[in-house]
Amino acid sequence: MPEASAARRSRRWRTAGSYAALTIGAIIVLVPIYFTIVNSLLQPDQLAHQPPRLIPPAAQWHDYRTAWDSGQLSRYMTTSAIMTVSIVAGQLVTSVLAAYAFAFLRFPFKRTLFLVCLGTLMIPFEVTFITNLDTVSSLGWFNTYEGLAVPFLATGFGIFLLRQAFLQIPKDLQEAATLDGYGHWRFMARVAVPLARPSLAALGVFSFLAAWNQYLWPLLATGGTTPLNTVQIGLKQLVGTSPDQIPVALAGAVIAFVPLVILLLIFQKQLVRSLTAGAVK
Amino acid sequence: MKLSRALAQAGAAVIILSGSAVTATALGAMSGTEAGAAAKLPSCNLSALAKHKGVVNITFWNSMTDANGQTLAAITSAFNASQSKVHVTLVSQASYDDTWQKYEAGLTNGQLPDAVQLEDQRTQAAIDTQSFLPVQSCMNAAHYSTSDYLARPLDYWKVDGVQEALPFAVSAPILFYNQLAFTKAGLNPASPPTTLPQMMADAKALKASGSGMGLVLDPWHLETWLASANQLFVNNQNGRKGRATKGVFVTKTAKQIFTDLNTLVRSGDATTNPASGPSEFDNLLGIGSGKYGMTIDSSADLGTVTQVLGQGQYPNVKLGVSAFPVLSSSIKGGIEPGGSGVYISSKVPAIDQAASWVYLSYLCNPQR
């Protein structure tokens with residue numbers, strides 16, 4: 001009896017400890033975001049106030065309007081949205097198809113080709129972007145949505161992630177589906193993809209984050225007199241050299257991360273599930 | 001045995017010596033050809049532009065923001081309206097660094113502007129791209145007079161006697177101070193510090209009266225303190241007589257500067273902030289909030305600072321500006337200019353190059 005209560009007490013302590021650790025982690029992550037929001041609502045002269053303001057004395061929302069209108073964030077957000085959605089859709093489709101082939105089909109040089117796919121993960125973007133820029137320009141895609149999105153429509157990471165998910169589908173299911181007269185296409189669409197949904201969601205979120213936050217490629221692949229700027233480039237232009245601009249730039253930063261927050265809230269469950277998938281067998 | 005080893009060592013020494021002699025001559029020969037290049041500059045075809053019928057459209061990449069950007073836009077539309085030969089389209093990039101990255105990438109796919117504004121320290125890198133027409137060519141062709149330019153900024157963009165770019169948006173580090181804070185500290189607001197030791201003393205007085213000094217960690221200021229004592233930062237006349245190959249600021253003077261700045265910061269009289277990133281303006285903003293009584297920053301910020309002050313948000317600030325506090329009043333050096341040079345691309349048709357010259361010389365005309 002005392003042993004059981006001791007065990008319960010130690011479990012309670014452990015829970016309290018993990019909650020404390022999680023709270024500290026959350027504070028570390030959230031404080032910079034909180035200050036970004038607070039400072040975006042301050043007047044420029046209050047920015048350097050000592051000690052820093054924790055609550056804006058009189059919230060100034062007009063900087064959001066400035067960032068959205070004269071900072072042209074509305075236009076940049078549209079460009080970013082089109083580019084990001086194309087990239088995410090492209091990566092999901094190509095990864096599903098390629099991963100299915102690597103997981104369920106038999107064809108010559110399968111292992112070698114898979115290793116080549118994995119090999120692309122080892123090459124940093126900085127090595128390939130000049131070549132990509134050359135290719136994109138020679139196709140006449142400089143400063144177009146094609147130029148922004150096409151180089152990123154396939155990803156070795158996605159193929160790897162989904163192949164692992166597909167491999168966890170029991171062989172029996174595939175055999176049962178074959179007996180029911182399912183071909184590869186129907187098995188993929190009706191069985192494999194629904195079962196791999198957590199991994200698909202994870203891949204979707206990761207590629208969304210990566211595409212949305214891109215800087216170097218959209219900077220280099222656009223130009224001319226009417227550049228097709230994405231939101232990250234627009235943000236850099238907001239920064240400027242004037243201390244007056246700081247709340248505007250911060251307001252822009254808040255606007256730019258709103259889509260990411262919405263996305264994370266929607267897909268939170270799938271993301272967590274995909275992280276723990278396969279952890280317990 | 002011993003003798004042979006000694007001989008071998010001597011032999012090696014001779015080889016090393018002769019090796020360095022070879023490099024020395026090679027360097028000499030190289031700088032010789034570079035000096036020769038001044039004689040045969042690429043041509044700047046101004047007469048083709050004069051004969052050309054119709055409008056030549058050119059683009060100018062710039063990195064101007066805020067007040068300065070509006071001024072540039074106004075000058076450019078005045079230029080476009082003033083004549084019918086050349087039409088300039090401005091393309092503003094987010095920053096000097098972005099402009100440079102884009103320019104380098106543009107070298108591979110040909111997406112280059114006709115004229116570009118590059119930050120001051122890119123001079124040698126710009127020459128190395130071999131994609132610019134030295135403005136010297138057009139100056140010669142147009143018999144352009146530089147008599148109304150200050151010699152120092154002009155020389156700053158001159159390498160081996162060739163004017164590579166025209167100085168544009170030239171700035172200098174200056175002292176910004178709050179006259180009210182000076183009065184409060186018992187200092188005379190009409191006589192701000194003119195030397196580094198005076199600046200340290202005034203910072204101490206400001207600190208004692210509740211403010212202090214904001215110090216932005218910008219290597220440009222270090223260069224300027226060295227220049228104010230007639231000292232170089234890198235060899236070959238700061239790279240203006242040939243390629244700079246090493247830093248030469250390990251001197252007693254430089255050590256003194258670092259010691260002084262260290263004292264200033266360690267005593268708490270000055271607080272530092274980085275020159276880039278989210279806290280890059282803390283030294284200027286600190287003057288507004290009353291945290292600092294003075295700071296050093298670029299004269300390029302003056303327009304924006306007065307604009308912000310004019311809005312009346314800072315009743316506790318009465319701005320004073322004065323020259324950069326030099327190392328010592330007894331050594332007369334100079335202030336190192338900063339800002340940017342404007343370059344003409346050589347990768348575009350000759351007629352566009354000539355058009356760029358017409359625009360840039362208009363832009364750099366002191367009457368603008």
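Predicted model: local features only at pLDDT ≥ 70, side-chain atom pairs only at ≥ 80, totals over all residues.
**Entry: chain B overall**

I began with the make-up of chain B. Its secondary structure comes to 15 helices and 13 strands. Of the 368 residues in chain B, 47% are buried. I then looked up the contacts in chain B with a separation of 6 or more: residues 24 or more positions apart account for 77% of them. The accessible surface of chain B is about 17300 Å². Carbon and sulfur atoms hold 58% of that surface.

**Entry: the A–B interface**

Next I turned to the contact between the chains. How many residues does each chain give? Chain A gives 28 residues and chain B gives 26. I noted the area in the usual way, since the size of an interface is often given as the accessible area lost when the parts come together. Chain A and chain B bury about 2500 Å² between them. Carbon and sulfur atoms account for 61% of this buried area.

I then checked polar links across the interface. The rule finds 6 residue pairs in polar contact, both residues at pLDDT 80 or more. On the side of chain A that touches chain B, the elements giving two or more residues are helix 5, helix 11 (216-220) and helix 12 (231-239). Helix 5 of chain A has the largest share, with 4 residues.

I also looked for salt bridges between the two chains, and the rule finds 1. Its partners are A:Lys236 and B:Asp98, with the closest N and O atoms 3.3 Å apart. B:Asp98 lies in helix 4 (residues 96-109) of chain B and A:Lys236 in helix 12 of chain A, so the pair joins two chains. A:Lys236 is partly exposed, at 32%.

**Entry: A:Leu133 in helix 5**

I picked one residue of helix 5 of chain A, A:Leu133. Its relative accessible area is 0%, so A:Leu133 counts as buried. Which residues does A:Leu133 contact, leaving aside neighbours within four places in sequence? In chain A they are A:Trp217, A:Leu220 and A:Ala221. In chain B they are B:Ala105, B:Thr108 and B:Asn109. I also took a distance to A:Trp61. A:Leu133 and A:Trp61 are 72 residues apart in sequence and 40 Å apart in space, C-alpha to C-alpha.

**Entry: A:Gln91 in helix 3**

A:Gln91 is found in helix 3 (residues 73-104) of chain A. A:Gln91 counts as buried because its relative accessibility is 9%, under the 20% cut-off. Leaving aside neighbours within four places in sequence, I found A:Gln91 in contact with A:Phe152, A:Leu153, A:Thr155, A:Leu203 and A:Ser207.

**Entry: a nonpolar surface patch on chain A**

I searched the surface for nonpolar residues. A:Leu121, A:Met122, A:Ile123, A:Val127, A:Phe157 and A:Phe206 form a patch there. Together they have about 580 Å² of accessible area. I looked at one member in detail. A:Ile123 lies in the loop between helix 4 (110-119) and helix 5 (125-138) of chain A. At 45% relative accessibility, A:Ile123 is partly exposed.

**Entry: other salt bridges**

The count over all chains is 6 salt bridges. I looked up two more of them. A:Arg65 and A:Asp69 meet at 3.4 Å, N to O. A:Arg65 is exposed at 60% relative accessible area, and A:Asp69 is partly exposed at 42%.

In chain B, the side chains of B:Asp128 and B:Arg243 form a salt bridge at 2.9 Å, N to O. B:Asp128 lies in helix 5 (residues 123-128) and B:Arg243 in the loop between helix 11 and helix 12 (252-266), so the pair ties together parts 115 residues apart in sequence. Both count as partly exposed: B:Asp128 at 39% and B:Arg243 at 41%.

**Entry: backbone checks in chain B**

I went through positive phi values. B:His143 is not a glycine, yet its phi is about 50°. B:His143 sits in the loop between helix 6 (135-142) and helix 7 (151-156) of chain B and is exposed, at 70% relative accessibility. B:Gln237 is not a glycine either, and its phi is about 55°. B:Gln237 is found in helix 11 (residues 235-239) of chain B and is partly exposed, at 49%.

A glycine followed. B:Gly290 comes after helix 13 of chain B and has a positive phi near 90°. Why is helix 13 (residues 282-289) described as largely enclosed by the rest of the structure? Because 6 of its 8 residues are buried. Those residues are B:Asn283, B:Leu284, B:Leu285, B:Gly286, B:Ile287 and B:Gly288.

Notes. Residues numbered from 1 in each chain as written. Chains lettered and ligands numbered in written order. Heavy atoms only, no water. Patch = residues over 30% accessible without salt bridge, like charges linked within 9 Å, V, L, I, M, F, W, Y side chains within 5 Å. Areas by Shrake-Rupley, 256 points an atom, 1.4 Å probe, with all protein chains shown as cover. Salt bridge = Lys/Arg side-chain N within 4 Å of Asp/Glu carboxyl O. Buried < 20%, exposed > 50% of the residue type's maximum accessible area, 1.4 Å probe, protein only. Contact = heavy atoms within 4.5 Å. Buried area = accessible area lost by both parts, 1.4 Å probe. Polar contact = N/O pair within 3.5 Å; in protein donor to acceptor, adjacent residues only side chain to side chain.
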